[in-house]
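Me: I have a two-chain model open and would like to talk it through. Could we go over the folds, the annotations and the interface?

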Amino acid sequence: MTAHTRTPRPAPVAAPEQRAARRRVPPRRGGRSAALRRNLAAYLFLAGAVVCFALFSWYPIVRGFLLSFQRVTFTGADEWVGWENFQRLFDDPLFATAWRNTGYFTLLALVFGFAAPLLTAVVLNELRHGRAFLRMAVYLPVMLPPIVTMLLWRWIYDPGPGLLNNALEVVRLPPQAWLESENLAMVSLVLVSTWANMGTTTLIYLAALSNIPGELYEAAQLDGASIRRRLWHVTLPQLRFILMITLLLQVLGTMQVFIEPFVLTGGGPDNATVTVLLLLYRYAFVYNDFGLASAMSTVLFLVLGVFAACYLRLTRTRG
Amino acid sequence: MAVKPTDRDPSVRTLIAPGEMTGRTGRWIYRFVLTLTLVGFVLAFLFPLYWMASGALKSSAELARSTPTLLPRSWHPENYGEAWSTLGLDRYFWNTVVLAFGAWAFQLVFAVAAAYALSALRPVLGNVLLGMMLATLMLPVSALLVPTYLTVVDVPLLGVNLINTPFAVWLPACANAFNVFLLKRFFDQIPTELLDSARMDGAGSLRILVSVVLPLSRPVLAVVSIFAIVGVWKDFLWPMLVLPDPARQPITVALNALAADMPVNQLLAGMVMASVPLLVLFLIFQRHIVAGLTAGSLKG
């Protein structure tokens with residue numbers, strides 16, 4: 001379950017390679033018994049992975065769906081309760097709050113987290129000095145364990161001896177109640193999240209920028225296009241595909257935001273930072289109401305499924 | 001997948017032509033942007049890390065002052081030692097090491113074997129299995145949190161409870177389609193003739209895997225290994241759920257649990273110690289990590 005960290009997972013875009021692989025047919029010698037031996041060996045090799053996938057991925061997918069219509073008793077067979085879990089879920093006033101907050105977080109994360117890495121990558125790509133250092137610097141926060149990032153920022157946001165308010169004081173700005181203010185708490189979480197995750201996207205953009213053929217810029221320049229027009233008519237169109245990919249991955253990631261509110265605010269102040277996953281965590285592991293939590297999982301699954309389907313379509317139709 | 005540096009040849013043309021940067025204003029603008037970027041990056045990304053490491057060296061009284069000091073007034077490197085031994089971070093640290101390396105070993109063995117079978121042996125229904133594995137990449141992991149947890153509590157067919165055992169971290173980590181995908185794609189590019197000639201010489205499938213395929217696959221094995229270790233090292237929510245016994249928890253879970261009761265400087269020292277192995281790993285294997293990030297999301 002290492003993927004709980006929100007580094008966007010690299011995407012499978014390997015259609016051409018798979019097609020190439022299909023051409024390779026294993027040597028046929030010895031007829032049927034050889035084929036049998038080959039299959040037997042193959043399934044022996046596959047056994048470990050298949051058992052792990054079956055137990056900890058495929059089975060939980062089915063179980064999770066069924067659980068949302070059940071009451072977990074731990075003492076024997078789980079009881080069927082029909083739509084009761086969903087009814088209780090929709091009756092919880094926090095359900096709507098959690099979705100609103102999560103949507104707000106996602107939106108803010110797009111505003112900060114989408115523009116910042118793109119701008120950074122475009123600038124870094126033009127610099128002729130210190131590139132290796134700058135690339136390392138922007139990626140270092142990604143390597144920190146998220147819990148360290150959160151504890152570090154909780155300390156930086158501290159209204160007393162915290163670094164941030166003292167920095168504001170130096171430039172003569174009023175101190176802020178970063179995590180305690182209903183208006184500012186979510187923004188503070190998004191800032192931390194962007195700080196911690198933008199390195200990945202920046203490096204992906206940098207790799208994409210280096211694949212843009214230089215002739216395109218030369219041709220545009222010969223046609224008299226200014227730097228801004230070249231950025232708009234060459235760079236961005238060339239990055240369009242990768243921008244769509246990272247956009248979808250980012251939405252998928254930020255909709256599952258958990259550790260930021262869990263450590264920094266605990267969902268407060270006044271439920272302003274209760275997110276979908278934080279609420280799901282509470283249902284399951286604070287109230288031990290696994291049926292209710294599973295209903296929530298199913299709703300989350302369906303919502304994110306829409307984005308996942310878009311993602312799949314995008315990566316399939318290309319090339 | 002080629003593990004190649006993303007650093008392109010500096011002579012390759014980018015957005016701004018070299019000629020546009022050589023004029024007087026061009027050079028001035030370039031220097032201004034360069035300085036701004038350097039200063040901004042140091043302040044934004046490196047300073048918080050320095051703040052953490054230097055805070056761990058300060059005395060408790062100095063940390064409590066309302067105006068923080070840029071450099072520690074008095075140096076207390078013993079905070080690191082106290083956090084390590086007195087607060088028992090050494091045990092949590094080793095728990096993390098055991099979890100990370102166990103998960104790495106299981107993932108590598110299972111994923112390499114599966115990818116080899118799917119790539120070279122190509123069994124009946126192999127493509128169906130691969131498709132089912134890849135489909136899990138599209139699922140939001142957090143939606144599977146509850147059912148996976150309940151599975152670990154009572155593993156079907158085996159009837160065992162994995163809670164508070166490292167297997168609760170190791171085995172679910174193996175259900176990682178990205179590893180299988182990356183390895184299979186690499187194995188697919190190994191020339192069939194190599195495998196065939198080894199078979200002609202009488203080598204069995206395992207022998208071919210160990211003596212022919214693996215030695216050729218060092219770059220991709222490095223990528224998979226690094227991501228496996230880093231992933232488990234950083235993980236927080238899952239180990240917190242499946243390892244409720246404090247004596248078995250990794251350092252990430254322990255730091256969060258102890259944060260409220262620890263002196264701030266020792267907490268910071270613990271945070272530094274939890275991060276240093278990953279930062280060192282990154283500095284050594286930077287190229288592999290970047291290659292792993294861009295593999296798949298780019299053709300390259």
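This is a predicted model: local features need pLDDT of at least 70, side-chain atom pairs count only at pLDDT 80 or more; totals for chains, interfaces and linings use all residues.

Me: What is the radius of gyration of chain B?
Reply: The value for chain B is 24 Å, whereas a compact globule of 300 residues would have one near 19 Å. Along the principal axes, the C-alpha atoms of chain B fill a box of roughly 70 × 65 × 35 Å.

Me: Which domains does the assignment give for chain B?
Reply: Domain 1 covers residues 18–82 and domain 2 covers residues 87–258. The C-alpha centres of these two domains of chain B are 38 Å apart.

Me: And UniProt, where does it put "domain: ABC transmembrane type-1" in chain B?
Reply: The unreviewed UniProt entry places that feature at residues 93–285 of chain B. Over that span the chain is 74% helix and 0% strand, with 22 Å between the end C-alpha atoms.

Me: Where is it listed for chain A?
Reply: For chain A, the unreviewed UniProt entry lists the feature at residues 99–311. This span of chain A is 77% helix and 0% strand, and its end C-alpha atoms lie 22 Å apart.

Me: Which stretches of chain A are annotated "transmembrane region"?
Reply: UniProt, in an unreviewed entry, gives residues 40–61, 104–124, 136–156, 184–208, 239–259 and 290–312 of chain A. Residues 104–124 of chain A are 100% helix, with end C-alpha atoms 30 Å apart. Residues 290–312 of chain A are likewise 100% helix, and their end C-alpha atoms lie 30 Å apart.

Me: What about chain B, which residues are listed there?
Reply: The spans that the unreviewed UniProt entry lists for chain B include 28–51 and 208–233. In chain B, residues 28–51 are 100% helix and span 32 Å between end C-alpha atoms. Residues 208–233 of chain B are 96% helix, with the end C-alpha atoms 32 Å apart.

Me: Back to chain A. What does helix α2 span between its end C-alpha atoms?
Reply: Helix α2 of chain A, residues 31–67, spans only 47 Å, while a straight helix of 37 residues would span 54 Å.

Me: Where does α2(A) bend?
Reply: The bend is at Ala47(A) and amounts to about 50°.

Me: Now the interface. How many residues of chain B are in contact with chain A?
Reply: On the chain B side, 103 residues are in contact with 99 residues of chain A. Helix α14 of chain B, residues 264–294, supplies the largest share of that chain B side, twelve residues.

Me: And by class, what does that side of chain B have?
Reply: The side of chain B that touches chain A has 70 nonpolar, 23 polar and ten charged residues.

Notes: Residues are numbered from 1 along each chain as its sequence is written. Chains are lettered from A and ligands numbered from 1 in the order in which they are written. UniProt positions are given in the numbering used here, feature names are shortened, and annotations may be inferred rather than shown by experiment. Helices (H or I, at least four residues) and strands (E, at least two) are DSSP runs, numbered from the N terminus. Domain bounds come from an automatic or database domain assignment. The expected span of a helix is 1.5 Å times one less than its number of residues. The bend at a residue is the angle between axes fitted to the seven residues ending there and the seven starting there. Two residues are in contact if their C-beta atoms, placed from the backbone, lie within 7 Å. Ala, Val, Leu, Ile, Met, Phe, Trp, Tyr, Cys and Pro count as nonpolar, Asp, Glu, Lys and Arg as charged, and the others, Gly among them, as polar. The radius of gyration is taken over C-alpha atoms; the globule rule is 2.2 Å times the number of residues to the power 0.38.
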